[in-house]
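Subject: Structure for you to look at

Hello,

Here is the structure I promised to pass on. My notes follow below it.

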Amino acid sequence: MLEQIEGSAAVARTVARCRPEVVAAYPISPQTHIVEGLSDLVRTGELEPCEYMMVESEFAAMSACIGASAAGARAYTATASQGLLYMAEALFNASGLGFPIVMTLANRAIGAPINIWNDHSDSMSQRDSGWIQLYAETNQEAVDLHLQAFKLAERVSLPVMVCMDGFILTHAYEEVDLPAQEQVDEFLPTYEPRQVLDPAEPVTIGAMVGPEAFSEVKYLMHAKQMQALDEIPSIASEFSDRFGRDSGGLVRPYRTDDAETIVVALGSVLGTIEDVVDELRAGGARIGALGVKCFRPYPLDEVREALGGAERVVVIEKAFAVGAGGIVGQNVRLALSGLPPRVHDVVAGLGGRPITRQSLLGLFDDVLADRLEPRQLHFLDLNRELVERELERMQKGRRPGPHAENILRDLGVVAAGSH
Amino acid sequence: MFQVRIHGRGGQGVVTAAELLSVAAFVEGRHAQAFPTFGSERTGAPVVSFCRIDDEAIRAREPIAEPDALIVQDPTLLHQVDLFAGLDADGYILINSGRSFDELELGELREGRRRERLLTVPATEFAREHLGRPVPNAALLGGFAALSGLISIDSVAKAIRERFAGRVGEGNVAAARAAFGYVRAEIGEPARA
Amino acid sequence: MPEQQVKFFQTGSFAVGNRLLDPEQRSVQARMERSNSLTCGHRACQGCGEALGARFALDAAMRATDGNLIAANATGCLEVFSTPYPESSWQLPWIHSLFGNAPAVASGVAAALRAKGRTDVRVVGQAGDGGTVDIGFACLSGMFERGDDVLFICYDNEAYMNTGVQRSAATPPAARTANTKPLGDQPGNVFGQGKNVPLIALAHELPYVATATVAELRDLEAKVERAMDFHGPRYIHIFVPCPLGWGSASRDTVRIARLVKETGLFPVFEAEHGEVVGVSKIRRRVPVEEYLKLQRRYAHLFRPRRRDDVIARLQAIADRNVERFGLLTDPDQAAAMPGEATDLAGLEAGADEPPERAAEETNLMRLLSETHGSPR
């Protein structure tokens, strides 16, 4: 049913309809409305049977999910940023043991400096944790991906994180078609665990594995993620048949057929990018966009196919590998190795800095005019003057002080908001 | 597409205002998107929220830099923050105040703009009267409905009732209608935005 | 007819495997139908107190739950020696996740069982002192506070044994570990505040808290079974000597556990809902030195020169426990403290039992019926 609803609320209601049996909740901005929503649904009995555990940390949240999943329950949690890092050890544990836990990640920047706004540094920091990573462009897609995530996780026995941009999606009110309980039940069967702690048939889970077998066990994780490359489109297709709309999948091209320039991005920024593509197309530019919906496993073939015919590719990403370059950019270059397109890595939107139509127009203008050096990592809207000044300060003076405070002072930002 | 930017301080329902506006548009079968900027949650800090309304699906995600309308819930922000950035000559301004534009020292702002689109409305007073609390957002939405014709007052009422039950809902609706009536009396019926 | 005096060492005691006891009162280990949850073949050291304690505790829990038990185990010695790939000695459903999350994992298991209406299946969480007192502490306290239906057992061998005997918050003052060596002015571990998790568990007002040692195994079993009478979070802290880490003879494990109680250094008690309801009295008080001498981790208190200052401080700790917990039936016992006849030779592995031991054990047994305060 179509509703004008907050993203978090939509996710909470949808997750509830997926019938999780254990929800572990620890609050962190900007995910709080999701766990609050689920608490209400459990209390009113709308979601039952479900144990709602108010754990003492994110580490405990993921650990409780591990225990619950091991005991055969469908388990769910949500987090962001620092919380994801705090459960990092448990993330690897969950994927290593093959538990089909689903988690919403409300993408938020990782500190220091502390920052509560959106970027992808959190999910990117855990891209190798063995978790499947799906990225939602809209709140509708966020809702749809949760359904697909539970099904996918339980099919391949791997945990899945559904990434949705913090604040930008979680706190946005927009129309969402919420799937009805019957529809969900038809799409998502009861969880049949592949391994379960059961006194009737005792098993040992989590034993040490030495050099004799570790490689094989790890390889299996990789093999399962590779298998997911087939499952994801299959499930998306099944979803489309049942619900009548396209959501998820591996990649989604937008006007790329004859495009000379293709912009690659993940998450909500694709909306703004699509608007700009339309604007430029109207002006005669042959430009398109490619949304990467599934980042792990990495859809190498699909990316290669979508981008292979372009002259240039502009990757816009909300995170980067410090000291090394782009992350999505690296993966795109890998997909395109041996093929002609020039790849530009652009980092934008860090710590919640808005990616505006204006900036994108300027960027694409530079790209099309070949003003952007392809081998350099480019930071969109970077205030170079601020940076130069701080670098200069570092050289002089005995005790230049913390970077962040110096830069903020230079900027003259009043703590109470700068609008 | 019509873009509304709402300014106020934490605790005045700025975020809710944008959400309710989006629901009102949704009720009328249009597409709408509402979202806030965020600081840490604390009362009194300047807050901005945004609402886009369109007949097509809305894809843009950036904050509204070029609003078609501004709603200012707290006049103490007027000379502290640049509230009017990006507003074009045809833009609407609705300010929560019992004083006039001139009295608020905004006379200059009116130059080159359409006078019937710039208004103050004593929304906090309406709220106090009908709701018993000085939360002006619902009243401002009612006033805005009258000012812009963007959404109907009935849609605003529906959106309010969906969010707030019982007496609180009714109080907010009453405040909205009162402000609607006030603005109507000031400028007559507007051309639909 | 000439009289033959027969000395029964075990009559009236609760020593393990006592065939003279009523069958219902016999140890779980004495029964044919014991579950052997931790079965043989594990790789624990000879004389491992933790293996001993775990075997007794889990089989008791299995008996109390009719075999409907799931265990969540933290990383540590127990986890490592019990699951040497590709083997496992566990005969119950068992999961090892991480070092610091055993209480949270156990909570998750309990939540799942509850969601599924499987109220018949119970959960045990277990860890060494590291996984309970240090890295697992936040999760432990969280589990306590939420009221999750988990029995958590800490096998306390007073250091991070699995990784090579490093100090934990449970390491007693003056003890040598790999990073609290007897170098510098302060030999061994510092005299800090310590972290008394049983008392912290008491402060959490749990339905049931108990301490136990592997010297009184029947008592340990009884406590585990008693714990299973309750629902909600329960905590049992078991003192388990580690011959390798402590530098003690592998045959002295039970003896050392007995001594830690008889000195007063480790109060053995039971508590329900935040109140102590029972204390295992000291049968025959012993000065701390008798306990310390059996462990090379305290050797620096005796060689090259005696550190009477340090020993006195340890004695003071014992004295405080005795008073605080009322560990003596007869307060005058505090004054007279007959020493167990040991000497430094006893520290060497393979030394023979001193001949005086047999007579003393008889004395010990005689005193049992007079002074044993445990309600079992």
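In this predicted model, β3(C) pairs with strand β4 (residues 151-156) of chain C. The two run in the parallel sense, over 5 bridges. Take C:Q126 as a landmark: its bridge partner in β4(C) is C:I153. C:G128 stands opposite C:Y155 of β4(C).

β3(C) also has a partner in strand β1 (residues 69-73) of chain C. That pairing is parallel as well, and 5 bridges join the two strands. Here C:V124 of β3(C) is the bridge partner of C:A71.

How many of the residues of strand β3 (residues 122-128) are buried? The count is 7 of 7. In a regular strand, side chains alternate between the two faces of the sheet. Both faces of β3(C) are covered. One side holds C:R122, C:V124, C:Q126 and C:G128, and these are all buried.

β9(A) runs parallel to β2(C), joined by 2 bridges. A:T204 has C:W94 of β2(C) as its bridge partner.

Some figures for chain C as a whole. It has 12 helices and 8 strands. Of its 376 residues, 58% count as buried. Take its contacts between residues at least 6 apart in sequence: 71% of them join residues at least 24 apart.

Next, the chains together. Chains B and C have no contact, and their closest C-alpha atoms lie 27 Å apart.

The interface of chains A and C

Chain C brings 37 residues to this contact, and chain A brings 38. The size of an interface is often given as the accessible area lost when the parts come together. For chains C and A the buried area is about 2800 Å², with 65% of it on carbon and sulfur atoms. On the chain C side, C:Y85, C:L98 and C:R146 lose the most area to chain A. Together they account for 20% of what that side buries.

There are 3 salt bridges between chain C and chain A. One of the links to look up joins the side chains of C:K116 and A:E21 in a salt bridge (2.9 Å, N to O). The count of residue pairs in polar contact is 11. Five elements of chain C each supply at least two residues to the side that touches chain A: β1, α2 (77-82), β2 (94-96), α3 (102-115) and α5 (137-146). α3(C) gives the most, with 9 residues. By class, this side of chain C has 20 nonpolar, 12 polar and 5 charged residues.

One residue on the chain A side deserves a look: A:S63, in helix α3 (residues 58-70) of chain A. Is A:S63 buried or exposed? It is buried, because its relative accessible area is 0%, and buried means under 20%. The side chain of A:S63 makes a polar contact with the side chain of C:N101 (2.8 Å). Leaving out residues up to four places away in sequence, A:S63 touches A:A90, C:N101, C:A104 and C:V105.

The interface of chains A and B

Here 30 residues come from chain A and 26 from chain B. The two chains bury about 2300 Å² between them, 51% of it on carbon and sulfur atoms. Chains A and B have 4 salt bridges between them. The side chains of A:E274 and B:R59 meet in a salt bridge (3.8 Å, N to O). There are also 12 residue pairs in polar contact. On the side of chain A that touches chain B, the elements giving two or more residues are β1 (2-6), β8 (173-177) and α10 (269-282). α10(A) has the largest share, 5 residues. By class, this side of chain A has 13 nonpolar, 9 polar and 8 charged residues.

Best wishes

Technical notes:
Residues are numbered from 1 along each chain as its sequence is written. Chains are lettered from A and ligands numbered from 1 in the order in which they are written. This is a predicted model: local features need pLDDT of at least 70, side-chain atom pairs count only at pLDDT 80 or more; totals for chains, interfaces and linings use all residues. Side-chain values use heavy atoms; hydrogens and water are left out. Helices (H or I, at least four residues) and strands (E, at least two) are DSSP runs, numbered from the N terminus. Buried means under 20% relative accessible area, exposed over 50%, partly exposed in between (1.4 Å probe, protein chains only). A polar contact is a pair of N or O atoms within 3.5 Å; within protein, one must be able to donate a hydrogen and the other to accept it, and residues adjacent in sequence count only if both atoms are side-chain atoms. Contact means heavy atoms within 4.5 Å. Buried area is the accessible area (1.4 Å probe) that two parts lose on being put together, summed over both. Ala, Val, Leu, Ile, Met, Phe, Trp, Tyr, Cys and Pro count as nonpolar, Asp, Glu, Lys and Arg as charged, and the others, Gly among them, as polar. Two strands pair if DSSP finds at least two bridges between them.
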